[in-house]
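Subject: Structure handover, aromatic contacts

Hello,

Here is the structure for your files. My notes on the aromatic side chains follow below it.

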Amino acid sequence: MFPNSSNLGRPPFPPKHQQPSNFFNKLPLNIPPTLLSHQQIIDAQFNFQNAARLSEQNVPYGVKRQRFHSPHRETTVVNQTVPLPEERRYSFPGSIPSQLFHAHYVPDLTGCVPPLRDASFSDPVETTLPVAKDKLSQQVLELFQACQQQTSDLNRKELCRTELQREIQRIFPQSRLFLVGSSLNGFGTRSSDGDLCLVVKEEPVNQKTEARHILSLVQKLFSTKLSSYIERPQLIRAKVPIVKFRDKVSCVEFDLNVNNVVGIRNTFLLRTYAYIENRVRPLVLVVKKWASFHDINDASRGTLSSYSLVLMVLHYLQTLPEPILPSLQKNYPDSFDPTMQLHLVHQAPCTIPPYLSKNGSSLGDLLIGFFKYYATEFDWSHQMISVREAKAIPRPDGIEWRNKFICVEEPFDGTNTARAVHEKQKFDIIKDEFMKSWQILRDKKDLNCILPLRTTIQKR
């Protein structure tokens, strides 16, 4: 994605005196590499070149050639910062820093939620897909298998993140750039955008002033020095401001925010939900595709964000007479503590066992039930969707919740993720789509009647 480092007038890595020296040195790769052998972890610590090569193993050769014109160009491991002076280095997530690594500890974190196999974002541990005996369930599975995000898709995003972090650290040496959202939470599709969180300091950042200023500098970097590789960088002054841009090499659209660390936390909460029950991911994917097809999946146009849709599916699965999902925050409060230090957040998904539900409903029945729940059962006027509580709860009386048509609680900071739906006309359209889709699917039991499969699969 970026030219030969010599063309930029800099070495592949900043000199040691420029290295960050605060808590960011302890921030991990943002994927728990629990399937790495201890030797690989040690190699990655002490032999940065080998770790760098690991991160490109699954990247297509053509992509590498476009990004790195020099055969000697190296890249970092996943979300790893630039090499640190020997006495400041820490091991991968889960380890305890020790003086010069005379001793170190890497816990054996095993569980249901698959970590990614190595620093190059290998496929997760093979998870068993649900059995589909009826036509509608088979259609849901077919769509999921065709459209779910592939390893190659994730590698392209990670390669962009790695290079952008290196460039941004020339402006903010102590910053770290995290890939968050659907790319990592288990609910990504082949066409999913990339979400990036630039963490510049441990303390909160004023989103109206400080974040906008930082993003204006990032936008300037993108539109000048990196203009050959980044196109259409645009500063969006939302409640959480972002820079939107497109990576010309991977053709991925990205949104970059500053210090919206709740996005790092909820990425791993959602990732845990995604893998503790094998019906969750296919159901979420088909709902996202359905909402996009019916033009109700765009917060910038006053409809539902993908994040809100995911929370709505999780909430539905939690509120069934025989629940398919629990409240992870209630059952494992220490693993999802909203005050947990960022460098520990990634460990939670590896420690949660599978959820064994007594509910044997098929994917098709669950999809019909999802539409029915929001079409006929959920009380939009008086209730709030709460994944944290695993139930619908009364709307709060705060200003953020007044005069809002849809209330979906953000599991960590308690804000309304569906605040973009502020026009009654858009709300009525959303409700109408739920009602129509429920009635059609109930009678026809054919996904094509509400979502054309062939066209959707072609778009991925």
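Is F427 buried or exposed? With a relative accessible area of 8%, F427 is buried. Please keep in mind that this is a predicted model.

F427 has an aromatic partner in W380: the two are edge-to-face, 5.8 Å centre to centre, with 75 degrees between the planes. W380 sits in the loop between α13 (363–377) and β6 (383–386), while F427 belongs to helix α14 (residues 424–444), so the pair ties together parts that are 47 residues apart in sequence. W380 is also buried, at a relative accessible area of 9%.

Searching the whole structure gives 18 aromatic pairs. Another that involves W380 is the one with F378: the ring centres are 5.0 Å apart and the planes stand at 80 degrees. Planes over 60 degrees apart count as edge-to-face, so the pair of F378 and W380 is edge-to-face. F378 has a relative accessible area of 5% and, with a cut-off for buried of under 20%, is therefore buried.

These three residues, F378, W380 and F427, are members of one aromatic cluster.

Regards

Technical notes. Residues numbered from 1 in each chain as written. Predicted model: local features only at pLDDT ≥ 70, side-chain atom pairs only at ≥ 80, totals over all residues. Heavy atoms only, no water. Phe/Tyr/Trp six-rings, centres within 6.5 Å; stacked < 30°, edge-to-face > 60°. Buried < 20%, exposed > 50% of the residue type's maximum accessible area, 1.4 Å probe, protein only. Helix = DSSP H or I, 4+ residues; strand = E, 2+ residues; numbered from the N terminus.
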